[in-house]
Amino acid sequence: MRYILSSLLVLAVYSALAQDTLSVLFAGDAMSHLTQAKWAKTVDGYDYFDCFVPIQPYLNQSDYNIVNLETPLAGRVSGYPKFSAPDSYLDALEGAGFNLFLLANNHVMDCSKEGMERTIGQLEQRCLPYAGAYADGLSRDSLYPCYITLGNSQEQLTFAIFNCTYGTNGLPVTAPCVVNRLDTAEIRKDYQTSLQRDADFRIMCVHWGVEYKTKASDNQRKLAYWLADLGFDLIIGSHPHVVQEYEVITTADGRQVPVFYSLGNLISNQRWRGSNGGILASVRFLTTERTILDVSYLPVYVHKGSWKGKKQYFLLPTPELVDTLDRVPIPKADRDSLIIFHNDTRERLNNLTLTPVLKTE
């Protein structure tokens, strides 16, 4: 009887937690290489929707989804070094379930002032919130940081989302456009200004680090500790195009601040080891206590090829596949690459738990 009561108690506690939690999911770099556009080409335009179908159940179970949009939408299609994706790329990201788009990255000015303004216009036309880059200073003053309130009328949490980048590949930010830079004086000022408005959590999404380095640099680590001590509750990194380590920083006042140094690529045509995937970082917040309850991650491999009768770039959640990969109808070289990516990521994030696998058809 004691065992049965204990089990019921555990179920009751879990049920209560499920009702009193909110989850926010963070995705890495949404790139748009020219080959991706060629594979998405249709008679009528470009269709990227199938790319995100395998991860959509994970996006659906999250209360809010944030992604780094690392390409302008300049009204034309181009690849590296100056990206521009068709508008249907944004349609696919929105359709998959992404809610907030980060713009402060090194490619935001690839198509100059006009390209950035058009990107913002496409987001605003769809009523999609964004952070990190603005058409002018007045827009920045009114929209930054981006405040998001989630939950019901009884239990709500408000998040202040900050976003900045180390640079724009040497391309000028033409006035009146504004791109948030990784400037500690400016960040401190923005943080202090944000205190005039209530927020339960202040989250910094920062574009930093060294490309293709699987370990955070000393500069990243130094800045992370500075951001944590300043008062940020969570730090999410992007730009290296590979997954980097996870750390929990203990601040001088005893707060615990989770740091993802780099989420890697959400989707791209980078096919080499480490860059052929990324993670979805899931953070659950306890609404009753206004604290972070737990953090987990889902490794996602970018498969370029056929999947379930279609040919496209597909984002495959690796924990769903690694145990049955011998029965997955993809070439052996792709299966081997997926396994290597999965194992590398698990080893790099060995201090984190995996997001529970969802049973999908």
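Arg-188 has a relative accessible area of 41%, so it counts as partly exposed; buried means under 20%, exposed over 50%, and partly exposed in between, with a 1.4 Å probe and protein chains only. Before going on, the conventions: this is a predicted model, local features need pLDDT of at least 70, side-chain atom pairs count only at pLDDT 80 or more, and totals for chains, interfaces and linings use all residues. Residues are numbered from 1 along each chain as its sequence is written, and side-chain values use heavy atoms, with hydrogens and water left out.

Arg-188 sits in helix α7, residues 184-194. Helices here are DSSP runs of H or I with at least four residues, strands are runs of E with at least two, and both are numbered from the N terminus. Setting aside residues up to four places away in sequence, Arg-188 touches Trp-226 and Leu-230, contact being heavy atoms within 4.5 Å.

Ile-120 takes us to α5, where it is one of the buried residues, along with Lys-113, Gly-115, Met-116, Thr-119, Gln-122 and Leu-123. What do the buried residues of α5 pack against? They pack against β2 (64-69), α4 (87-96), β3 (100-102), β4 (130-131), β5 (133-134) and β8 (178-179). After α5 comes Cys-127, with a positive phi near 60°.

On the β8 side, the residue to look at is Val-178, which lies in that strand. Val-178 is partly exposed because its relative accessibility is 22%. Beyond its neighbours within four places in sequence, its contacts include Met-116, Tyr-134, Arg-140 and Val-173. The C-alpha atoms of Val-178 and Met-116 are 9.8 Å apart, with the two residues 62 apart along the chain.

Now the whole chain. It has nine helices and 17 strands. Its radius of gyration is 20 Å, close to the 21 Å from the globule rule for 361 residues, so the chain is as compact as a globular protein of that length; the radius is taken over C-alpha atoms, and the rule is 2.2 Å times the number of residues to the power 0.38. Buried residues account for 54% of the 361. Of contacts between residues at least 6 apart in sequence, 70% join residues at least 24 apart.
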